[in-house]
Amino acid sequence: MTWTITPEPYDSPVAAALWRAYYTEVSDRWYLLHEGRRTDPDELEREIAATTGAELAPPTGRLLVGRYEGEPAGSAGVRLLEPDTAELTRVFVHGHLRGRGGAPLLVAAAEEAARALGARRLILDTRGDLVEARALYARLGYTETGPHNDGVYAEHWFRKELVVNRPSPGPPCAGARGRCRTVHR
């Protein structure tokens, strides 16, 4: 079973479906925790429509989609905030595919995309109840920092300095048994 990671237009049907799944999950988790209910459907529709993802369009952003066995399964986005600083956002993998290695691949592809945009560091924010996300970022070398924004739902802030890629001596897919697990294009 393999993952492929490719750029995707922020306004494609695939991107829209993944954004809806991501937003529904994080919104429902917040409302269930704080108010004991799921997100009001009208509010959900308003918020999904209001946050188009246009900031993830080239030339200053990228949206990446992870496909598991060819099916859209997750996303990650980056956008330049300053010439050397990008924000990591919309990191998501469908629940039934978590634990299969997709999130680290998506984050690595987002780091590569941020480097290609000229970023030397990535920053992000997340909520306290998204413990899986916080553990993922820590595991991938992100350091928790003080606030870098005043987002309503931002409770934890992370940062990672990006190292410059050096050319590898072998083919890009020379991993386990010579099979590609991910494609970054």
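Biologist: Which residues of H3 are buried?

Modeller: In this predicted model, the buried ones in H3 are Gly 102, Ala 103, Leu 105, Leu 106, Val 107, Ala 109, Ala 110, Glu 111, Ala 113 and Ala 114.

Biologist: Let's zoom out. What is the protein built from?

Modeller: Four helices and seven strands. Along the sequence they follow the pattern β-α-α-β-β-β-α-β-α-β-β. There are 185 residues, and 40% of them are buried.

Biologist: What makes H1 oblique to H2?

Modeller: The axes of H1 (residues 13–35) and H2 (residues 41–50) cross at roughly 130° and come within 11 Å. Roughly perpendicular stops at 115 degrees and roughly antiparallel needs over 145, so an angle in between counts as oblique. That is why H1 is called oblique to H2. The crossing is right-handed, too.

Biologist: Which residues in H1 and H2 meet?

Modeller: From H1 you have Trp 19, Arg 20, Tyr 23, Thr 24 and Tyr 31; they meet Glu 43, Leu 44, Glu 45, Glu 47 and Ile 48 of H2. By class, that contact has five nonpolar, four charged and one polar residue.

Biologist: Why is Glu 69 called partly exposed?

Modeller: Its relative accessibility is 45%. Buried would need under 20% and exposed over 50%, so a value in between counts as partly exposed. Glu 69 sits in the loop between E2 and strand E3 (71–82), and its phi is positive, about 50°, although Glu 69 is not a glycine.

Biologist: Is Arg 90 buried or exposed?

Modeller: Buried, because its relative accessible area is 7% and the cut-off is under 20%. Arg 90 lies in strand E4 (residues 85–93). It has a positive phi of about 55° although it is not a glycine.

Biologist: Which peptide bond is cis, with omega near 15°?

Modeller: The one from Pro 58 to Pro 59. Pro 59 is placed in the loop between H2 and strand E2 (61–68). For background, most peptide bonds are trans.

Technical notes: Residues are numbered from 1 along each chain as its sequence is written. This is a predicted model: local features need pLDDT of at least 70, side-chain atom pairs count only at pLDDT 80 or more; totals for chains, interfaces and linings use all residues. Side-chain values use heavy atoms; hydrogens and water are left out. Axes are lines fitted to C-alpha atoms, for helices over the stretch in contact, and angles run from 0 to 180 degrees between N-to-C directions. Helices (H or I, at least four residues) and strands (E, at least two) are DSSP runs, numbered from the N terminus. Angles under 35 degrees count as roughly parallel, over 145 as roughly antiparallel, 65 to 115 as roughly perpendicular and the rest as oblique. A crossing is left-handed if the near helix is turned anticlockwise from the far one by less than a right angle, and right-handed if clockwise. Contact means heavy atoms within 4.5 Å. Ala, Val, Leu, Ile, Met, Phe, Trp, Tyr, Cys and Pro count as nonpolar, Asp, Glu, Lys and Arg as charged, and the others, Gly among them, as polar. Buried means under 20% relative accessible area, exposed over 50%, partly exposed in between (1.4 Å probe, protein chains only).
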